[in-house]
Amino acid sequence: MNHLLLRLLRPKPNYIPRSFSTRTAVPNDTLQRRVARAGDPSASIVRVLEGWLDEGNLVKTKELHSIVKMLRKFSRFSHALQISDWMSEHRVHDISDGDIAIRLDLIAKVNGLREAETFFEKIPIERRRNYHLYGSLLNCYASKKILHKAEQLFHQMRDLGFLIGCLPYNVMLNLYIRCGEYPKLENLLQEMEERNVERDIFTVNTRLHAYSLVSDVEGMEKFLASCESDPELELDWRTYADAANAYIKGGSREKGLEMLRRSEELVNPQKRKHAYEVLMSFYGAAGEKQEVYRLWGLYKEELDGFYNAGYMSVISALFKVGDIEGVERIMEEWESGHALFDVRIPHLLITGYCKKGMMEKAEGVAKMVPGEASTWERLALGYRMAGEMEKAVERWKKAIEVSQRGWRPHKVVMMSCVDYVEGQRDMEGLRKILRLLSERGHVSCDQLLYDVKEAGGLGWKIVDAMGSSQVQD
């Protein structure tokens, strides 16, 4: 059957989800809408699913796949993994290679790379050896910037014949950019030419993005000219947007604005949502507040629906031009109208306020998402930038308290806080931090508690104990 209709017959649970305690029909009520509204990351999403079934409703395999896709899109990875677990436990359908690849990615995001690697190794070798699973693991390493493991796996994929098309090459090109390994990027581009791997528009745009990061305007202009003369390549809006970014970062604002206008001319109806989101950000970087508002007006006028990504883009752009009143006006609009809660938006505000030194406002937004470790880490970083280390340490300890397995602490925040407590010779404070890390399952504190007695360097010892791949740079 293409769509397996599932109706679980089981005893009534001893709970009734508060939101669904009656059988009164709700117009346009669907399981996906209920899941979308359940934004608390610490709450079990399975309760929502089982509450839906207990009311006598049906759920299709296709609908569950759609829900997992939606949750991944909005960075609700823990909830997505819970749905994936539930589907696997109830054998909702035959598991495809694509399902396993998605599950691998979710495990890495929620529980960390070690568990993802363990999951990968437990897959029977005859099932494991396929392009999708190796590609998923490569993406896991790339997303965590684990360069040596990504390179090792990439070589294995080459030996196994899994370097199909330019996609795995693009993953590595993007990783080299993020790690600042520009010579390796050039070598890989050369390999693509030698192996006759056709570059796609993503390859081109990745290369242009690299030029923008190093502000190499001359190199960017030569590369762009070669692409424009290639009859096999059809350049798009993103090509000129990345060229604009290179000009803006290189100080050539007028040329950057010219490229942004050329980019807008190439935006088609199918791509305009993402294009407007990117272009608002770049106009913000160029200090063009009116252009940001112009595109925001087009975004709302031409697109149907309510998109969190658009609100993120306009808020980010307005922070760049220093329009705090505009930021708060847009935020009020989002709060009054959003249907799909997205933790990235309050986090964006917290970061923006912290960069401006507006810690009271940042603290106010933090009350929207108190159960997220990243909320408290952002505040800790803000207080660190403001030189208020005692407050930074307290917020970082709060981050540990609400953290989940697989949490990757921000290295700068962690090192700064641990170094500060060490510098204060607060041995009891250090022990409390280690106990918290141990209680949350991040480190075994026995040896580290002994290390507290030694002078200095505890931050690096914590990094070693957690593993460098489990700490964000």
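K149 counts as partly exposed because its relative accessibility is 27%, and its side chain meets that of E117 in a salt bridge, with 2.9 Å from N to O. The model described here is predicted. The pair links distant parts of the chain, 32 residues apart: K149 belongs to helix α9 (residues 147-160) and E117 to helix α6 (residues 113-122). E117 has a relative accessibility of 17% and therefore counts as buried, the cut-off for that class being under 20%.

**Other salt bridges**

- The structure holds 33 salt bridges.
- E394 and K397 form one of them, their closest N and O atoms lying 3.1 Å apart.
- Because E394 and K397 are 3 residues apart in helix α23 (residues 389-402), about one helical turn separates them.
- E394, at 42% relative accessibility, counts as partly exposed, whereas K397 is buried, with a relative accessible area of 10%.
- R431 and E428 form a further salt bridge, in which the closest N and O atoms are 4.0 Å apart.
- R431 and E428 are also 3 residues apart, in helix α25 (residues 427-439), so about one helical turn lies between them.
- R431 is partly exposed, with a relative accessible area of 29%, and E428 counts as partly exposed at 47% relative accessibility.

- D323 is located in the loop between α18 (308-320) and α19 (324-337).
- D323 is buried yet has no salt bridge. Its nearest side chain of opposite charge, K289, is 4.3 Å away, which means that the pair falls outside the 4 Å cut-off for a salt bridge.
- The side chains of D323 and Y293 are joined by a polar contact of 2.6 Å.
- Leaving aside residues up to four places away in sequence, D323 touches K289, Y293 and L318.

**Nonpolar cores**

- The largest nonpolar core has 87 residues, of which I315 and W396 touch the most other members.
- Helix α14 (residues 237-249) gives the most to this core, with 8 residues.
- Another core, of 61 residues, lies apart from it and includes F120, Y134, F154 and I177.
- Beyond four places in sequence, the residues that W396 touches include E377, W407, M414 and I433.

**Overall make-up**

- The protein has 27 helices and 2 strands.
- Of its 473 residues, 48% are buried.
- The protein exposes about 24000 Å², of which carbon and sulfur atoms supply 48%.
- Among contacts between residues at least 6 apart in sequence, 63% join residues at least 24 apart.

Methods: Residues are numbered from 1 along each chain as its sequence is written. This is a predicted model: local features need pLDDT of at least 70, side-chain atom pairs count only at pLDDT 80 or more; totals for chains, interfaces and linings use all residues. Side-chain values use heavy atoms; hydrogens and water are left out. Helices (H or I, at least four residues) and strands (E, at least two) are DSSP runs, numbered from the N terminus. Buried means under 20% relative accessible area, exposed over 50%, partly exposed in between (1.4 Å probe, protein chains only). Lys and Arg count as positive and Asp and Glu as negative; His and the chain ends are not counted. A polar contact is a pair of N or O atoms within 3.5 Å; within protein, one must be able to donate a hydrogen and the other to accept it, and residues adjacent in sequence count only if both atoms are side-chain atoms. Contact means heavy atoms within 4.5 Å. Accessible areas come from the Shrake-Rupley method with a 1.4 Å probe; for residues, only the protein chains shown count as cover. A nonpolar core is a set of buried Ala, Val, Leu, Ile, Met, Phe, Trp, Tyr and Cys residues joined through side-chain atoms within 4.5 Å.
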